[in-house]
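Try each task by yourself, then read the solution step by step.

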Amino acid sequence: MISQRLADALNNQMNNEYNAAQSYMAMAAYCEHNNYGGFANYYLQQAEEERFHGMKIYTYVNDRGIQAKFSATTESKIDFASVLDTFESGLQQEKTVTKNFYELMDLAWEEKEHATISFLRWFLDEQVEEEASFDTHIEYLKRIGEDKNALYIYEKELGQRKFSAESGE
């Protein structure tokens, strides 16, 4: 049986995932508004991934007999200085999500809730990939700098991204 404290923490993380999706939608809107359709697509796919994460938690809490509780989303940042700024904001967001999952895992360990520990491992592995991916994009964008041709090619590459629920990516 999951404690109320752990149930609340899982529900909170579910909502964090939907807030992250909304933030990525705001980044997509910034990119789209500034005619960076490829980068907008990247963030739209990222938002889909975050909603997928939210649904994974939703399903888990319901499978464990806990009612999923949704809260209002927080207001997302909408003003960015550049595409690079969106990726730097995304990396900070992913670091916060990682911290949240660490805290959730600590609580599950404290309560010796082994099924939840097993469930959360997937998310921790996913967060390593997410942070590494954003870090790579930031480094590429810094290298590209003001080279508009390289930026165009990179944008087209990211515009090909498609989220797959089967792979979780």
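This is a predicted model: local features need pLDDT of at least 70, side-chain atom pairs count only at pLDDT 80 or more; totals for chains, interfaces and linings use all residues.

**Exercise 1. Work out how accessible Ser-118 is, and where it sits.**

Solution. Start with the relative accessible area of Ser-118, which is 47%. Next, compare that value with the cut-offs: buried means under 20% relative accessible area, exposed means over 50%, and partly exposed lies in between (1.4 Å probe, protein chains only). Ser-118 is therefore partly exposed. Its place is in helix 4.

Residues are numbered from 1 along each chain as its sequence is written, and side-chain values use heavy atoms, with hydrogens and water left out.

**Exercise 2. Describe the chain as a whole.**

Solution. Begin with the elements: the chain has 5 helices and 0 strands. Here helices (H or I, at least four residues) and strands (E, at least two) are DSSP runs, numbered from the N terminus. Read from the N terminus on, the order is α-α-α-α-α.

Now turn to the dimensions. Along the principal axes, the C-alpha atoms fill a box of roughly 55 × 25 × 25 Å. The radius of gyration is taken over C-alpha atoms, and the globule rule is 2.2 Å times the number of residues to the power 0.38. For 169 residues, a compact globule would have a radius of gyration near 15 Å; the chain has 17 Å, which agrees.

Last, look at burial and contacts. Of the 169 residues, 47% count as buried. Contact means heavy atoms within 4.5 Å. Among contacts between residues at least 6 apart in sequence, 79% join residues at least 24 apart.

**Exercise 3. Check the spans of helix 1 and helix 4, and see what follows each helix.**

Solution. The expected span of a helix is 1.5 Å times one less than its number of residues. Helix 1 has 30 residues, and its first and last C-alpha atoms are 43 Å apart, close to the expected 44 Å. Helix 4 (residues 114–144) has 31 residues and should span 45 Å; its end C-alpha atoms are 46 Å apart, which agrees.

Then step past the ends. After helix 4 comes Gly-145, with a positive phi near 55°. Helix 1 is followed by Asn-35, which has a positive phi near 65°, although Asn-35 is a residue other than glycine. Asn-35 lies in the loop between helix 1 and helix 2 (37–63), and its relative accessible area of 68% makes it exposed.

Lys-112 is exposed, at 61% relative accessible area.

**Exercise 4. How do helix 1 and helix 3 run relative to each other?**

Solution. First, take the axes, which are lines fitted to C-alpha atoms, for helices over the stretch in contact; angles run from 0 to 180 degrees between N-to-C directions. The axes of helix 1 (residues 4–33) and helix 3 (residues 83–110) come within 11 Å and cross at roughly 175°. Second, apply the cut-off: angles over 145 degrees count as roughly antiparallel. The two helices are therefore roughly antiparallel to each other. Third, sort the residues of this contact by class: 14 are nonpolar, 8 polar and 4 charged. Ala, Val, Leu, Ile, Met, Phe, Trp, Tyr, Cys and Pro count as nonpolar, Asp, Glu, Lys and Arg as charged, and the others, Gly among them, as polar.

Notes
Angles under 35 degrees count as roughly parallel, over 145 as roughly antiparallel, 65 to 115 as roughly perpendicular and the rest as oblique.
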